[in-house]
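Subject: Handing over a structure, with notes on what was found in it

Dear colleague,

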Amino acid sequence: MSSDNAKQYPVQHTFFVTGTDTEVGKTFVSCALLAKCNDMGLSTAAYKPVSAGCERSAQGLRNDDAMQLQQISSVMLDYNDVNPIAFEEPIAPHLACAKKVAKGDGKLIELHDINLGYQHLVLKQSDVLLVEGAGGWRLPLGKNSQGREQFLSDFAIAQQLPVILVVGMRLGCINHALLTAQAIEQDGLVVAGWVANMLEPDMPFLDENIQSLQNLLTAPLVARIPKAVSSIDVKECFDMQALGF
């Protein structure tokens, strides 16, 4: 999308949500943030352009993360608008795609299509638009039809989206968080904030790990999310001012 289009269809708050790894709680955190924005009277929409591990349904493949994002968005969105590229197998999307293409049952992932889907949601003019990645920052998408290797991070770079980094709090998270933040910044993007998401209720030296990350990351800590059954239960954990609201 060109900068001219961005000015024509402003979205007040747009973020790309990534994580230090897969299964670190990106969707849980995204849903909590969207719920908080809903409470603030802001209209919300979400985009999960690529997913894997989908269930077959009468309506087609459905991804649980994408359905959660669709349901909590205040703007009515078709499922295919939220999650246009879905794979059934719970494997890396570029591998799932390659298997389908090899069988003659699919097409290559194209960043162009992901950008078009994003532009479609921008036109909804919601106050908040969250784009949730898949896996970690440098998720491969495979080669496009021109033979060029693509990564989902290329989409965030093309759209110049500020990034929210979800850190799954467990042993090794400091290294993973620092490397991910470094890669984001080297790609020319801003880490708008990071979230400490508790994966292990009894993680040793939890406070010390969080303090270390606060000392070593330049981005602000915008939420400390405890273990909870529902994302709604933790929506008040965000420092919305730190995120620029």
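A polar contact is a pair of N or O atoms within 3.5 Å, where one must be able to donate a hydrogen and the other to accept it. Please bear in mind throughout that this is a predicted model.

A polar atom of the Ser43 side chain lies 2.8 Å from the backbone nitrogen of Asp127, and, leaving aside residues up to four places away in sequence, Ser43 touches Ser74, Val75, Gln125, Ser126, Asp127 and Val128. Its relative accessible area is 22%, so Ser43 counts as partly exposed. Between the C-alpha atoms of Ser43 and Leu216, which are 173 residues apart along the chain, the separation is 34 Å.

Thr27 belongs to helix H2 (residues 26-39) and, with a relative accessible area of 7%, is buried. The side chain of Thr27 is joined to that of Glu132 by a polar contact of 2.6 Å, and Glu132 is also among the residues that Thr27 touches beyond four places in sequence, the others being Asp65, Gln68 and Leu69.

Turning to charged side chains, the count comes to ten salt bridges, and three of them are described here.

- Glu89 and Lys99 form a salt bridge in which the closest N and O atoms are 2.8 Å apart. Because Glu89 lies in the loop between strand E6 (85-87) and helix H5 (93-102), and Lys99 in helix H5, the pair ties together parts that are ten residues apart in sequence. Glu89 is partly exposed at 31% relative accessibility, as is Lys99 with a relative accessible area of 37%.
- Arg138 and Asp187 meet through their side chains in a salt bridge of 2.7 Å, N to O. Arg138 lies in the loop between strand E7 (128-132) and strand E8 (140-143), and Asp187 in the loop between helix H8 (173-186) and strand E11 (191-198), so this pair ties together parts that are 49 residues apart in sequence.
- Arg224 and Asp207 also meet in a salt bridge, at 2.6 Å from N to O. This pair links distant parts of the chain, with Arg224 in strand E12 (residues 221-225) and Asp207 in helix H9 (residues 206-216), 17 residues apart.

Lastly, there is the nonpolar interior to consider. In soluble globular proteins, nonpolar side chains tend to be buried together. Here the largest nonpolar core has 49 residues, of which Phe16, Ile114, Phe155, Met169 and Trp194 touch the most other members. The contacts of Trp194 beyond four places in sequence include Leu165, Val167, Ile210, Leu213 and Pro220. Apart from this core lies another, of 27 residues, among them Phe15, Ala32, Ala223 and Ile225.

With best wishes

Notes: Residues are numbered from 1 along each chain as its sequence is written. This is a predicted model: local features need pLDDT of at least 70, side-chain atom pairs count only at pLDDT 80 or more; totals for chains, interfaces and linings use all residues. Side-chain values use heavy atoms; hydrogens and water are left out. A salt bridge is a side-chain nitrogen of Lys or Arg within 4 Å of a carboxyl oxygen of Asp or Glu. Helices (H or I, at least four residues) and strands (E, at least two) are DSSP runs, numbered from the N terminus. Buried means under 20% relative accessible area, exposed over 50%, partly exposed in between (1.4 Å probe, protein chains only). A nonpolar core is a set of buried Ala, Val, Leu, Ile, Met, Phe, Trp, Tyr and Cys residues joined through side-chain atoms within 4.5 Å. Contact means heavy atoms within 4.5 Å.
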